[in-house]
Amino acid sequence: MPSRQIPYGTLRLRRSNSDSEALLTGGADSDRQADIIVREMEQLQRLMEDNPVSEELRRYGPKNREALRDLPQGLTMKRTVRAKLSASVSLRSKHRPISFYKRLKYRISFALKKGRDRISELIFSIEPWHEAIRHLEGQFGSAVGSYFHFLRWLFALNLLLAILLLCFVVVPQVLHDQGNNRTGSMGFLDFVSGKGGFEDSVLFYGHYHWGDVTSFGPLTYNMPFSYFFTMISLYLFFFAILCYRTAYSYRRNFIEIAGGLSNVFATKVFCGWDFGIVSQHAAALNASSIYNEFKELLSEQNKKHVTMSLWRRMWQYMVNVVVTGAVLALVAGLQYGLWLLLALKTEVQHWEIFVSLIITFVVALCPLLFNLIVRVEYYKARTALYVTLARTGLLDISTLTMLLVYWTQSDTPCWESALGRETYRLVLLDALVSLFLLPLVEFARGFIFKLNPNSGAPEFNIAYNSLTLVYNQAVLWLGAVWCPLLAVAVALKFLLLFYVKRECALRACQPARKVWRAAQTQTVLYMLVTLSLFVTLFSVGSLFLRGSSQTCGPFVTYTRVWGVVSEGVLRLPERPALRRVLSFLTRPGVIAFLFLSLCVATYFMRARARAQRSMVDILRRMLVLQAKDKDFLLAAIDKVSNGEWLYNPREEEQAADSHTLKYLQEVRKPSNAAYHFDVTRLNHSMSETRPHRADTRPHSYHVDRRRRSEDGDTDSSFSWQGSASCLNHTKDQ
């Protein structure tokens, strides 16, 4: 057999050959032995082809027998044989060998891939709170786990932002302030309000130097350049990260499962277990997590689809529209009331603390109100969660936008520091609510439930807790420019919030009674964070293009903040040609053209995606039809091979019940309609081979043995045309 004709077997069968004797004797020259082995292996054409399959055969051999590693030779001999064999293949190959630059590119790409894998393994090994989140997922399911995953990701993001701001903005200013002694009151109310001694500190925008910063050495540090380019670079960098993260999550949780998942339960059963578990407690937690995932999947699969009347659907639609309009009116009314509250002039000391406290309570209580309002509407559980997230996100973004517009239009001499103090107070007061007030309420509800189980178990509110994170992140995006140390405060707050929420979930909350899959919730949260950053970029960019305060901040020497680039870097007053080019590029017509081009490109990509989706649907239907065709043809071939004719003509009133005629009339004709089945040959062969059955078996058709020559002459094919003519002939008789 060809599979037995392998090099080592050939050497073993030819012991009388002198070359084989030299190979088997230990005193022979190693190069001669290698040449003998290579010469024997070159006799097999399959091993000498220049393709990956032959390369695998040269390495391991067929069925792992007589491979290079199994030869009774040393490792040096095996390497020599492999090198010689590869060189022989390269000489015989018709393909051009890989060049040095392409080989170098491959090696660099392999090295980069290996380095990326090692970095990912390192990050996974130092991943914080991994066991804690697994414990929470085992107790409460993937929905609560998604909240803690989101919290951990935002903490890492804010920690990186805080480190970069400290290195490039805060530390140089601290070194510059070493010789300056600043005094002021630093009481508790001053700490909460951000005034007194905290007002003129590195906390806020107005304290930073407007010129070069010098320390002990001769080096100087330009603070306006550092402040501007650090903020712009960080905002754009984190915006790119959020866009990538959102797109990745959307593709994974929405696009890839748009056509429905296949074999989900089999995948969960055979591939869902974590084989790295070594303790019994961890195994119990993993089993509980898989159990909750099965409950989520089964709850989605077993949903009952109830058909509703047109009037009921219209009523539900009208209720949803009216309630949504009422919520929008409520949000607009709240913003107008907060504007009037900010503009109110009073002599009350520390009035700004009361204003910030009212804003904090509005932002904290409105999500609970929205959660109650959504129960009036006719939404599913997941849709209700998304609606609540969207409404609360709209409230947060509109509140922060209102604060930005108010302080930019106020008569405050240094409105940038005032806006920074406002964001600082919002984060600090929200920390008091999130870390102290709400946990006390949850523990009180849990204690009441233990005393009276009929009162209802408190559940972990995913929508409210997630929107708290989104709100804090939106405040950070807005206030990082005017309060650089705000990133440190938010990162520390998220660190404490993780442990507080974990204890609240484990000790005071119960698993949800209605379990539903929330793998797509993280995508919506990423979208809200990205949207808040986009609004902040738009707002801050518009402020940088206009004039800044001339009394404080690092840009007091420039008429506009953009002057750092135009006057300090590009020096446009000294370069009129470059100034004309930039003025042309910033004209409304050019910007409108770029915007229209972007809209056209977006429309093209959207149309292309829809066309591809339609093509996928068509291909799926074609696969279904092909499967039906195969099933039909296999059944037909089986009947013909058993000597039974496919058609059984009935009476005229029963002809419509024939499955084959239905297929002919309603579906389509198969692709082999040009072939004809010769019934006479079938009868002739059957009468010759099986005469006893020819006499006893009832005929379901009557044909004339004298057929026309154009009906075909084949035994392995049959004809729809010939069958139709046969049926017509039967009817005529």
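Among contacts in this protein between residues at least 6 apart in sequence, 74% join residues at least 24 apart; contact here means heavy atoms within 4.5 Å. Before I go on: this is a predicted model, in which local features need pLDDT of at least 70 and side-chain atom pairs count only at pLDDT 80 or more, while totals for chains, interfaces and linings use all residues. Residues are numbered from 1 along each chain as its sequence is written, and side-chain values use heavy atoms, with hydrogens and water left out.

Now the overall picture. The protein has 26 helices and 2 strands. Those are DSSP runs, numbered from the N terminus: helices are H or I with at least four residues, strands are E with at least two. Of the 733 residues, 38% count as buried. Buried means under 20% relative accessible area, exposed means over 50%, and partly exposed is in between, with a 1.4 Å probe and protein chains only. The protein exposes about 44,800 Å², and carbon and sulfur atoms supply 61% of that. Accessible areas come from the Shrake-Rupley method with a 1.4 Å probe, and for residues only the protein chains shown count as cover.

Next, the aromatic rings. A search of the whole structure finds 29 aromatic pairs. Rings of Phe, Tyr and Trp (for Trp, its six-membered ring) pair if their centres lie within 6.5 Å; planes under 30 degrees apart count as stacked, over 60 as edge-to-face, and the rest as tilted. One of the pairs is F238 with W477, which is tilted, at 6.3 Å centre to centre and 45 degrees between the planes. F238 lies in helix α10 (residues 223-255) and W477 in helix α17 (residues 462-479), so this pair ties together parts that are 239 residues apart in sequence. Are these two residues buried or exposed? F238 is buried because its relative accessibility is 1%, and W477 is buried at 3%. Elsewhere, ring pairs link a cluster of Y205, Y208, F225, Y227, F228, F229, W415, W482 and F555.

Staying with α17, that helix also holds N472. N472 has 1% relative accessibility, so it counts as buried. Which residues does N472 touch, leaving aside its neighbours within four places in sequence? They are D430, K493 and F494.

On the surface there is a nonpolar patch made of L357, F361, L365, L368, L437 and V441, with about 470 Å² of accessible area together. Patches are made of residues with over 30% relative accessible area and no salt bridge; like charges are joined within 9 Å, and nonpolar side chains (Val, Leu, Ile, Met, Phe, Trp, Tyr) within 5 Å. A salt bridge is a side-chain nitrogen of Lys or Arg within 4 Å of a carboxyl oxygen of Asp or Glu. Helices α14 (351-373) and α16 (415-451) each supply at least two of the patch residues, and the largest share, 4 residues, comes from α14. L368, found in α14, counts as partly exposed because its relative accessibility is 35%.

Helix α22 (residues 588-641) has 54 residues and should span 80 Å at 1.5 Å a residue; its end C-alpha atoms are 78 Å apart, which agrees. The expected span is 1.5 Å times one less than the number of residues. In α22, V590, D629, F632 and A636 are buried. After α22 comes G643, with a positive phi near 85 degrees.

Last, W129. This residue lies in the loop between α6 (100-125) and α7 (130-140). Phi of W129 is near 60 degrees, a positive value in a residue other than glycine. W129 counts as buried, at 13% relative accessibility.
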